[in-house]
Amino acid sequence: MRLLLLLSLSTFLLGCATEKLHLSNAKLFPVEVIGTKEYSEGDPYLFTGTYLALKFDSDTPIDIEDFLNQFRASVIKDDDEIEFSNGILDGGDPHYMSFHKGLMSLEKTDFDRIEFQLRYDPMLTPDYTSNVISFTKEEVLEATRKPVIEY
């Protein structure tokens, strides 16, 4: 009986539909954050340093102050995730940016592509996810060599 209850619960949780946000107009470029950014309540969230930034548009407003909004960058080799980076969100409807500090040093990493996806993940099943935005290794490395933009 317990097994049946657990199977039913897992089927329910895994089968729950999630809302899909649509992200578009994505561009990668290096950014130098020159001053710590703060949320409206004064809490710091984006610190000085160099990041690989993903600029994108969303068809739905995103609450950048909600830490459950996770913008994940998965580094993929042979269809397996070998590394990941959770980005820091900034911006306002409909234009947003996700900042990834660890992605500026991929020159010597053997990978095929990076896939970016926004998730709102309070429990086992995300409430919503976005479409996946993918860049090839060549596109990512080319972006890291662009002139750095101050932010």
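Me: Is Asp79 buried or exposed?

Reply: The model is predicted, with local features requiring pLDDT of at least 70, side-chain atom pairs counting only at pLDDT 80 or more, and totals for chains, interfaces and linings using all residues. Residues are numbered from 1 along each chain as its sequence is written, and side-chain values use heavy atoms, leaving out hydrogens and water. Buried means under 20% relative accessible area, exposed over 50%, and partly exposed in between (1.4 Å probe, protein chains only). Because its relative accessibility is 62%, Asp79 counts as exposed.

Me: In which loop does Asp78 lie?

Reply: Asp78 has a positive phi of about 50° although it is not a glycine, and Asp79 likewise has a positive phi, near 65°. Asp78 counts as exposed, at 55% relative accessibility. Strands here are DSSP runs of E, at least two residues in length, numbered from the N terminus. Asp79 is placed in the loop between β6 and β7, and Asp78 lies in the loop between β6 and β7.

Me: Which side chains of strand β9 are buried?

Reply: In a regular strand the side chains alternate between the two faces of the sheet. Strand β9 covers residues 113-120, and its side chains alternate.

Me: Which residue of β9 is the bridge partner of Ile76?

Reply: Two strands pair if DSSP finds at least two bridges between them. Strand β6 (residues 69-77) and β9 run antiparallel and are joined by eight bridges. In β9, the partner of Ile76 is Arg113.

Me: What is the bridge partner of Tyr120 in β10?

Reply: β9 is also joined to β11 (residues 133-136), antiparallel, by four bridges, with Phe116 partnered by Ile133. With strand β10 (residues 128-130), β9 pairs in the antiparallel sense over two bridges. The partner of Tyr120 in β10 is Tyr128.

Me: What is the relative accessible area of Glu41?

Reply: Glu41 is located in the loop between β3 (37-38) and β4 (44-46). Glu41 is exposed, and its relative accessible area is 68%.
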